[in-house]
Amino acid sequence: MSSSPDERSEQEQRRREEREALEERGIDPYPYAWTVDAHAAEILDTFDDDAHQPEDGEPGPYEVSVAGRITGLRVMGGSAFFDLRDESGTIQVYVRSQDLGEDFYEEVFTELFDIGDIVGVEGFVFRTGMGEVTVRAADDFQLLAKSLRPPPPVKEVTEDGEVVERHYEVTDKEFRYRQRYVDLFVNPDTRDVFRQRATLISTMRTFLDERGYLEVETPVLQPVYGGATARPFKTHHNALDMPLYLRIADELYLKRLLVGGLEGVYEIGKDFRNEGLSRFHNPEFTMMECYVAYKDYRWMMDTTEAMLRTVTAALHDEPVVEFEGREIDFGGDWPRVPFFEAVEQATGVDLYQKDADRVYDVAANELGLEEVEPDMDLGELLDEIFSETVEPTLVQPTFVTDYPIELSPLAKKHREKEGLVERFELVVAGREIANAFSELNDPQDQRERFVAQARQRAEEEDVDVEKLIDEDYLRALEYGMPPAAGLGVGIDRLTMLLTGQASIRDVILFPLLRPER
């Protein structure tokens, strides 16, 4: 938030006085544009001493026009060096009073420019006597945006005269999340994380496009929320005088498109769940959901494996990543372990087809799980046992398959095993990354499961059962939906894993936070 005059620091007040002084001299502290034809990384990569180093006293042939933020400033009498940081990196700039004019250099640049200011520089590139590739501001030098707040100070760690690490003094995570704009311009590692996130999404999109699947957009505002069991955000449409909900999943609208004759569709977009925050949960998050006609969950396992191996290699040149001190290998075949087998391996107890009383007894008394309650239904109990005893043990990519029907209201019943559905979750490093089904396309079976789910929700939310059932989706199924496989991938969690970040807030540019005091 903007600081009031009484709250401003001495530096903030001084910078405002500098702005006034610039304006009094007829210098606009916020001009309109600047021509940029080169960036720091490109200059450092392409400078060639034989071709570009100028003769003494002569301008060099490598002419550039750059722009960026001043991040370090060293004034030495009639000349100065400063570090200019742009999107690609940092390059040194050399300015002289002879080039800028003595009045401008002494009364404007050295007095009224600060670290944090954004400037444009036009000149030529050369290598200094200290061996550093540098831009000399020989032709033009302008202030492009006056910084009224000082950026956090940067510290450098050096060894043998070489900078081996740069970091800034702000270590408060909340500051970095709340003022992401500062985090981005002072911390190259943060910018790299979000570049990698963009590469992840574009690689996934290319993978799906190359297979002929159509990228679509479905409603975010929905009259009936569905596709998952989660509490929604509610709003109201004034003109129609009707309640609406921010979607908690894309699933039901995407499957309507399969009814319509599209055989492969996907969407990469935001979903919203009005639930708690943690290092793995943000109320607004990004999902990729994909649905392909005439396929099943076994086929989708193969496809998921190929897609995530491709994405990992795009970020790391090989399908291997380091995460929380462990090497995660996305190469090779991934284990496929049925849900109840995984639970039995972890607990020593076979819970397949056991009733809720027996499962509660195991969870509470034999396993000592503190979060279970006697009034939990069978699905909730099994989910708690799995989350506490199985998930943390799965480090390498593992498909957990064949879930109990109580946990999967939208999945097709297992073709061989009673009480189960054809579903898998991909678990990596102890957390769910992807979820997939052989999709339920029997409208009568779907209605029965919707009703059972709606009754439970109606009790919790004190609303009519009918208002929680998506009748239009059921109508669509009655026209006939082909057998299909569906997949959901959590983009934020996958980005955490592939970039080595400990919190979901580290991979969301502007995560939800409590209001500032």
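A: The model is predicted. In it, α1 passes α5 in a left-handed crossing. On the α1 side the contact is made by E18, A21 and L22, and on the α5 side by V108, E111 and L112. The axes of the two helices, α1 and α5, come within 11 Å and cross at roughly 155°. Angles over 145 degrees count as roughly antiparallel, and α1 and α5 are therefore roughly antiparallel to each other.

Next, the helix itself. Helix α1 covers residues 10-24, and at 1.5 Å a residue its 15 residues should span 21 Å.

The buried residues of α1 are E12, R15, R16, E18 and L22. These residues cover an arc of only 155° around the axis, so they lie on the same side of α1. Two of them, E18 and L22, also belong to the contact with α5. Besides α5 (102-112), the buried residues of α1 pack against the strand β5 (133-145). On the face of α1 turned away from the buried side are the exposed residues E10 and E24. Just after α1 comes G26, with a positive phi of about 80°.

Helix α9 (residues 251-259) and helix α15 (residues 471-479) pack at an angle of about 25°, and their axes are 9 Å apart. Angles under 35 degrees count as roughly parallel, and α9 and α15 are therefore roughly parallel to each other. The crossing of α9 past α15 is left-handed, and the crossing of α1 past α5 is left-handed too. In this second pair, L252, K255, R256 and V259 of α9 meet D472, Y473, A476 and Y479 of α15.

Back at α1, the picture is as follows. The buried side holds E12, R15, R16, E18 and L22, and those residues pack against α5 and β5. E10 and E24 are exposed on the face turned away from that side. Towards α5, the residues of α1 that make the contact are E18, A21 and L22.

Technical notes. Residues numbered from 1 in each chain as written. Predicted model: local features only at pLDDT ≥ 70, side-chain atom pairs only at ≥ 80, totals over all residues. Heavy atoms only, no water. Helix = DSSP H or I, 4+ residues; strand = E, 2+ residues; numbered from the N terminus. Expected span 1.5 Å × (residues − 1). Buried < 20%, exposed > 50% of the residue type's maximum accessible area, 1.4 Å probe, protein only. Arc of directions from axis to C-beta. Contact = heavy atoms within 4.5 Å. Axes fitted to C-alpha atoms, helices over the stretch in contact; angles between N-to-C directions. Parallel < 35°, antiparallel > 145°, perpendicular 65-115°, else oblique. Left-handed = near helix turned anticlockwise from the far one by under 90°.
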